[in-house]
Amino acid sequence: MKIDAIEFPFVRVDYVKGPNEIIEDTLSDLSDLLKRQQPFVFMGEGSPKKENTNEEDRKKVALWMKANHEDVQRWIKGHVHVITEPDKFEMMQEFSVIFKKFWGYPMIVVRTQEEALSEATLLLKPE
């Protein structure tokens with residue numbers, strides 16, 4: 001996963017794994033975002049590609065999540081994901097339920113970039 005925080009608090013994510021990408025780099029990037037101690041929203045787009053994430057990486061993510069659960073809950077307000085393919089939109093909405101159970105913050109699936117920005121802005125409004 002690639003993380004681009006240049007538009008913080010809107011943090012762009014790309015789930016396509018590069019050939020030399022290692023999970024420790026991704027987890028380090030996530031930790032750096034949490035260290036800012038400011039609310040932010042992840043924003044992604046496109047249909048996820050089936051990746052061969054190995055069990056060791058999944059364990060590392062689960063351990064990271066356990067160690068950072070409070071900060072994740074406090075600072076990550078959600079993930080807004082744009083899906084333009086009508087046949088995949090419903091699938092991603094169903095996946096968003098599983099996503100929230102694991103990560104603890106909502107995934108909102110939308111059809112356009114305009115909707116994504118609107119939803120992300122709403123997520124960042126103070127409670």
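This is a predicted model: local features need pLDDT of at least 70, side-chain atom pairs count only at pLDDT 80 or more; totals for chains, interfaces and linings use all residues.
Which residues of α2 are buried? They are Asp 57, Val 61, Trp 64, Met 65, Asn 68, Val 72 and Trp 75. Look at the spacing in that list: an α-helix has 3.6 residues a turn, so residues three or four places apart point the same way.

Now follow α2 along its length, from residue 55 to residue 75. At its N-terminal end sits a cap, Asn 54, with a side-chain oxygen 3.1 Å from the backbone nitrogen of Glu 56. Further on, the helix has a kink of about 75 degrees, centred on Asn 68. Asn 68 is also one of the buried residues of α2.

Next, the sheet. Its 5 strands make an open sheet in the order β1-β2-β3-β4-β5, and the pairing is mixed. On average, neighbouring strands are turned by 25 degrees against each other, ignoring direction.

| Helix | Strands touched | Angle between directions |
|---|---|---|
| α1 (residues 23-35) | β1, β2 (10-14), β3 (40-45), β4 | about 30 degrees with β1 |
| α4 (residues 113-124) | β2, β3, β4, β5 | about 170 degrees with β4 |

Finally, zoom in on β4 (residues 76-82) and β5: these strands run parallel and are joined by 4 bridges. Across this pair, His 79 stands opposite Met 107 of β5.

Definitions and conventions. Residues are numbered from 1 along each chain as its sequence is written. Side-chain values use heavy atoms; hydrogens and water are left out. Two strands pair if DSSP finds at least two bridges between them. Helices (H or I, at least four residues) and strands (E, at least two) are DSSP runs, numbered from the N terminus. Axes are lines fitted to C-alpha atoms, for helices over the stretch in contact, and angles run from 0 to 180 degrees between N-to-C directions. Contact means heavy atoms within 4.5 Å. The bend at a residue is the angle between axes fitted to the seven residues ending there and the seven starting there. Buried means under 20% relative accessible area, exposed over 50%, partly exposed in between (1.4 Å probe, protein chains only). A polar contact is a pair of N or O atoms within 3.5 Å; within protein, one must be able to donate a hydrogen and the other to accept it, and residues adjacent in sequence count only if both atoms are side-chain atoms.
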